[in-house]
Amino acid sequence: MNRHSIFFKLNLLFATALIVTLIAGGLLYRQLEHRDRMALLLKSRLILQELRRDHQASDTLLQALDLERVPPARTARLLPRNGRQTNLRGHRRRYGRRLIRRGGEVYLLIRTPQKHLLLHARQNTLRRYLFPGLLLGAILLILSLSYWALRRTLSPMRRLEEDIRRYGRGEPLRYAERFRNGEDEISRIARAFYDSAERLKRYGEARRLFLRNLLHELNTPVTKGKLLAELSQEPRTRRMLGTIFQRLSILLGELVEVERIAAGSEPFAEREELKVKELVQEACRRLYCEEEEVGIEIPEDLTLFADREAMVIVIKNLLDNARKYGRDPHIGFEGDRLVIRSLGAPLKRPLEHYTEPFRQEYAEPKEEGFGLGLYIVREILERHGMELGYRHENGENLFTVGPLNREG
C-alpha cells in the first residue's frame, strides 16, 4: 500500500491505537495484581500480630479479612511446590508469609514456629476484573467501530478517483448518482466535481458545435473566393487574392485539426506499428513536393507505434515549415528521434512561443508564420508520449520528434 495514502495512515493510526490500548490493559492488569498483593500483605500483618499475641487466628478476624482456612488434606496437596509462589516482604526469621497462586486462586501461607496456616483469599475474580475487562472491551469496540466508520466514509474516494481518471480519458462517468444524497465532505467535493464536469461538457459541446458551424459557413465563401480569384484578369490582383484565400483555406484546415484534437482526451486510440519512411512519403505527397526536393534518410525497417493519420500530420507540418522558412530540407534519424532539418536563421524566440495556437510573425512576404501547425504537432506528440525539440547548429534548424514509441 502506498505509504502516502490516507488509508495507509488510517490503518497505521488504528494499529497504533490498538497496541497502545492492549499495553494499557496489560499495565492495568499488573496494577490490579499489585494492589491485591499489597492488600494481602496488610492482611497478613494483622494475622501475624494476632498469632504472636494469642498463638492463633480467630475466625472472626479471618472472616473480616475475607479469608478462610484451607483444610489440612488440601493444604498438603497445595504446599509441595504447587503453583506460583511469591514471597511477601516484611517477615521475620521465625514468622513468614508466602503468597501462592494456583488455578486462578490465591492462597496466603502463614508460617509460625508451631505450625503452617494456609488461608484461601475469597476474592471474587469476576467482580475484580469485570469492570476493567468491560472498559478495555468497550475501548476496543469503540476503536473498531470508529475505524469501520472512517473506512466506510473514505471508501467512496476510490470511486471518485476512478471517475476523475475516466473524465481525464474522456470516458463516461459511472458513480455520479452515488454522491447525490450524501452530506459528508467527500460527497460535497464529489458533487462539485460532477457539476463542474457536466458544465464543462456542455461548454465543450457548445464550442464544438459553434466551431463546426463556423467552419461550414466559412468553407463555402472561401471556395467561391478562390474560384473568383482565378477569374480575375489582373495578374497582381489574382495573385494577391489567391494568396489570401489559400491562407484562409490552410487556416480552416488547421482549425479542423484543432477541433479533432479537442474533440476528446484520447482521439488517437487507433494505434498500430507503422513504417516511418512510408509516413514521410505520405506527408510529402500531401505537400505536393517532389521526392528530390526533400532529402529522406530513413532506414526501411524503422518502425513507430502510433496513430497513422496523426503522425502523418506531424511530419507534414514540420516538413512544410522546413520548406517555408528554410532551404534544403532533410528528414533523418538520430538515436531514438526523428530529425527534420533545413538551412536557415535560428528562431527569434524559444520553441514554446511558437507551439502556442495562433502564433504568427510576419517579416518578409515569404514568412507566413507558424500559425497552428506547431501547436497541432505538440498536442499530437503529447498524446503519444513524445515531445518536440529544437536546436540550431551549423546554420541549420533542427526539429526533433521522440522518443519514438516502439511498442504498443
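These legends describe close-up views of a predicted model.

**View 1**
Helix H5 covers residues 156–169. At 1.5 Å a residue, its 14 residues should span 20 Å. The end C-alpha atoms are 20 Å apart, which agrees with that expectation. Pro156, Leu160, Asp163 and Arg166 are buried in H5. Seen down the helix axis, the buried residues fall within an arc of 120°, so they line one face of H5. The general rule behind such a pattern is that an α-helix has 3.6 residues a turn, so residues three or four places apart point the same way. Just after H5 comes Gly170, with a positive phi of about 80°.

**View 1. A nonpolar surface patch.**
Which residues make the nonpolar surface patch of about 390 Å²? They are Tyr167, Leu173, Leu200 and Tyr203. Leu173 sits in the loop between H5 and H6. Its relative accessible area is 31%, so Leu173 counts as partly exposed. Leu200 belongs to helix H6, residues 185–231. Leu200 is also partly exposed, with a relative accessible area of 48%.

**View 2. The five-stranded open sheet.**
The sheet is open and has 5 strands, in the order S7-S9-S10-S12-S11. Its pairing is mixed. Strand S7 (295–296) and strand S11 (387–393) stand at the edges. Each has a single partner strand, so one side of each is left without a neighbour in the sheet. S7 runs parallel to S9, and 2 bridges join them. Within this pairing, Ile296 has Ile331 in S9 as its bridge partner.

Strand S9 covers residues 327–334 and pairs with S10 in the antiparallel sense. The pairing extends over 6 bridges. His330 has Arg341 in S10 as its bridge partner. The hairpin has 2 residues between the strands. In this hairpin, Gly335 takes a positive phi near 65°. The side chains of Asp336 and Arg337 meet in a salt bridge, at 3.9 Å from N to O.

**View 3. Arg341 and the pairing of S10 with S12.**
S10 and S12 run antiparallel and are joined by 6 bridges. Arg341 stands opposite Leu398 in S12. The side chain of Arg341 forms a salt bridge with Glu396, where the closest N and O atoms are 3.6 Å apart. This pair links distant parts of the chain, 55 residues apart. Arg341 lies in strand S10 (residues 337–343), and Glu396 lies in strand S12 (residues 396–402). Both Arg341 and Glu396 are buried. In S10, 5 of the 7 residues are buried, so the strand is largely enclosed by the rest of the structure.

**View 4. A salt-bridge network around Arg378 and Glu379.**
Glu379 and Arg378 meet through their side chains in a salt bridge of 2.9 Å, N to O. Both of these residues are buried. Which residues do shared partners join into one network? They are Glu356, Arg378, Glu379 and Arg383. The count for the model comes to 19 salt bridges.

**View 5. Strand S8 and its partner S6.**
Strand S8 covers residues 303–307. Of its 5 residues, 4 are buried, so S8 is largely enclosed by the rest of the structure. Strand S6 (residues 271–275) is joined to S8 by 5 bridges. The two strands run antiparallel. Lys275 stands opposite Thr303 in S8.

Terms used: Residues numbered from 1 in each chain as written. Predicted model: local features only at pLDDT ≥ 70, side-chain atom pairs only at ≥ 80, totals over all residues. Heavy atoms only, no water. Expected span 1.5 Å × (residues − 1). Buried < 20%, exposed > 50% of the residue type's maximum accessible area, 1.4 Å probe, protein only. Arc of directions from axis to C-beta. Salt bridge = Lys/Arg side-chain N within 4 Å of Asp/Glu carboxyl O. Pairing = 2+ DSSP bridges. Patch = residues over 30% accessible without salt bridge, like charges linked within 9 Å, V, L, I, M, F, W, Y side chains within 5 Å. Areas by Shrake-Rupley, 256 points an atom, 1.4 Å probe, with all protein chains shown as cover.
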